[in-house]
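Open the model in your viewer and keep the selection panel at hand. The tour moves from one selection to the next.

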Amino acid sequence: MIIAVDGPAAAGKGTLARRLAEHFGLAYLDTGALYRATAMRLLRAGAAVEAEIEAEAAAAAAAAIEPENLVDPTLRQEQTGALASRVSALPEVRAALLQYQRDFAARPPKGSGAVLDGRDIGTVVCPQADHKLFVTASAEERARRRVAELRERGETDVDADQILAELKERDKRDAERQASPLKAAADAHLLDTTNLDIDAAFKAAKALISAAKG
Ligand code: C5P
């Protein structure tokens, strides 16, 4: 069983996808971590967050990603996310990461299936997924969650207005890029989590999947 969970940043996809994987006994792949790990490799090689990205170097960094690169806690830093968002607009990078994602879905480590979360899982990576969810929330609510997450992690210098502006900028870039833009698959179930906490979102997602499974 393959479950595709797509949606914009901080909509609650990751937590939801992880819980669905646990509930249905499936492997889980956070595909955003692949783009973040690619960005991290470029940063470690001396790239600046705002500088122009060299497509060939970025594609080589993407092609070199190994599973152990995806568990680095620094991947969640804002500057990594900012560069990941720009790196992910390059078709060369998306092509380099496509096989990794498809291989994971075809041969998940746990054997019985997988949940993948990202931006283009239901549309490009796994268009044949058994279940597709498109998880959204208002930009304001997503920014509020991101601020809370950063504060929880101990970051004291958090500018809420800046977080909201950056989130909107990232949404725009993800939705407007030519290569695999963020969009709901025609057969995806929409799940707006603006007024749902994680338990309620999980319950709603589980009900959608269980109903489809019959
Ligand atoms: O989901 P997360 O914020 O970790 O993703 C980091 C960046 O990677 C996003 O801003 C998005 O641009 C990109 N991404 C993507 N396609 C995916 C997953 C993430 O373009 N499947």
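Select α2 first. Of its 14 residues, 11 are buried, so the helix is largely enclosed by the rest of the structure. Buried means under 20% relative accessible area, exposed over 50%, and partly exposed in between (1.4 Å probe, protein chains only). Among the buried residues of α2 are Tyr35, Arg36, Met40 and Leu43. Helices here are DSSP runs (H or I, at least four residues), as are strands (E, at least two), numbered from the N terminus.

This is a predicted model: local features need pLDDT of at least 70, side-chain atom pairs count only at pLDDT 80 or more, and totals for chains, interfaces and linings use all residues. Residues are numbered from 1 along each chain as its sequence is written, and side-chain values use heavy atoms, without hydrogens and water.

Now check the ends of α2. At its start, a side-chain oxygen of Asp30 comes to within 3.1 Å of the backbone nitrogen of Gly32. This is a polar contact: a pair of N or O atoms within 3.5 Å; within protein, one must be able to donate a hydrogen and the other to accept it, and residues adjacent in sequence count only if both atoms are side-chain atoms. Just after α2, Gly46 has a positive phi of about 105°.

Next, select the ligand. Show the side chains. A polar atom of Asp174 sits 2.5 Å from a ligand oxygen. For Arg94, an N or O atom of the side chain is 2.8 Å from an oxygen atom of the ligand. Arg177 places a polar side-chain atom 2.9 Å from a ligand oxygen. Alone, the ligand exposes 450 Å², and the protein buries 97% of that. These areas come from the Shrake-Rupley method with a 1.4 Å probe; for residues, only the protein chains shown count as cover.

Colour the shell by element.

Finish at α9 (residues 198-213). Its buried residues are Ala201, Phe202, Ala205 and Ile209. Just after α9, Gly214 takes a positive phi of about 80°.

Notes
Expected span 1.5 Å × (residues − 1).
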